[in-house]
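Trainee: I should like to go through the reasoning behind some descriptions of this protein. May we begin with the structure in view?

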Amino acid sequence: MSKALLVVDVQNDFYPGGALEVPNGDKINSKINSLMEKNEYKKIVGSQDWHPKNHKSFASTHEKEPFSEYESEGIGPILWPDHCVQKSKGAKFHKDINTENFDLIIRKGYNPEIDSYSAFQENDGTNLGLASYLKGLNVVEVDIVGLALDVCVKYTAEDAVKNGFKSNIILEGSKGIEQDPDKFKEILNEMKEKGINIKE
Ligand SMILES: [Zn+2]
C-alpha cells in the first residue's frame with residue numbers, strides 16, 4: 001500500500017454559504033467519506049487554510065474589492081474575500097466530513113505576507129513538509145479531493161507531480177469555482193498536460 005489520500009481545504013468558508021463558497025461544494029462529502037473508509041490508503045492527510053486576520057491575500061487588507069487583480073511575491077493573481085481566519089467558524093472543517101480519519105493536518109497560509117494554494121508549499125516556494133512526510137512512508141501515489149478544484153486542489157496536484165508522486169484528482173470528490181463548462185474543461189486539460197490524472 002503506497003498510496004495516500006489528500007483532502008484539500010474541506011472548510012466551512014469554501015462550502016455553500018461560506019465566505020468563499022464553491023458552488024455544489026457540499027456534493028463531495030459522501031465521496032470523500034467513502035474514500036476514507038477504503039483500506040486503500042497508507043495515510044490520509046487533510047489540509048487547512050489558516051490565515052491570520054489582515055492576511056495579504058484578502059482584498060479588505062488592501063481596501064479593494066474581492067476578486068480584484070493583484071500580484072506580488074506569493075500573492076495573487078486575484079485578491080480574495082476574507083476567509084478561513086484562524087480559529088473562526090469558517091476555518092473549521094465541514095461537519096459532515098469524517099475528519100477523525102485524518103492522520104495528519106497540514107495548515108497553510110499562516111504567513112501574513114504569503115498565500116499558500118498548495119498543501120506541499122507556500123506560493124513563494126517555502127516547503128510545508130508534506131513531500132518528505134509521504135516519501136518517508138514510501139508513498140508513491142496520491143489521490144486528491146477537496147476544494148476548490150481550480151485553485152488549491154490544482155496547485156496541490158501540480159506540486160505532487162513536481163515532487164515525483166503519481167498524482168490523481170478524483171473528480172467526484174472535488175468541485176471548482178469556474179462554472180463555465182468550456183473554461184472548466186480547459187482547466188482540466190491544462191492539468192492533464194502537466195501530468196495529472198483526472199479520474200471520474
Ligand atoms: Zn486562503
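Trainee: How do you know that the span of helix H3 (residues 149-162) agrees with its 14 residues?

Mentor: The model is a predicted one. At 1.5 Å a residue, helix H3 should span 20 Å, and its end C-alpha atoms are 18 Å apart, so the two values agree.

Trainee: What makes a residue of H3 buried, and which residues are buried?

Mentor: The criterion is 20 or more other C-beta atoms within 10 Å of the residue's own. In H3, Leu-149, Asp-150, Val-151, Cys-152, Val-153, Lys-154, Thr-156, Ala-157 and Ala-160 are buried.

Trainee: Against which elements do the buried residues of H3 pack?

Mentor: Their partners are the strands S1 (3-8), S4 (141-147) and S5 (166-175), together with helix H4 (181-193). After H3 comes Gly-164, which has a positive phi, near 90 degrees.

Trainee: What pattern does the protein follow along the sequence?

Mentor: The order is β-α-β-β-α-β-α-β-α-β, with four helices and six strands in the protein.

Trainee: Why is the protein called as compact as a globular protein of its length?

Mentor: Its radius of gyration is 16 Å, and the globule rule gives 16 Å for 200 residues; the values are close, so the description holds. Along the principal axes, the C-alpha trace spans about 50 × 35 × 30 Å.

Trainee: How many of the contacts with a separation of 6 or more join residues 24 or more positions apart?

Mentor: Such residues account for 70% of those contacts. Buried residues, for their part, make up 40% of the 200 residues.

How values were computed
Residues are numbered from 1 along each chain as its sequence is written. This is a predicted model: local features need pLDDT of at least 70, side-chain atom pairs count only at pLDDT 80 or more; totals for chains, interfaces and linings use all residues. Helices (H or I, at least four residues) and strands (E, at least two) are DSSP runs, numbered from the N terminus. The radius of gyration is taken over C-alpha atoms; the globule rule is 2.2 Å times the number of residues to the power 0.38. A residue is buried if 20 or more other C-beta atoms lie within 10 Å of its own, exposed if 12 or fewer, and partly exposed in between; C-beta atoms are placed from the backbone. Two residues are in contact if their C-beta atoms, placed from the backbone, lie within 7 Å. The expected span of a helix is 1.5 Å times one less than its number of residues.
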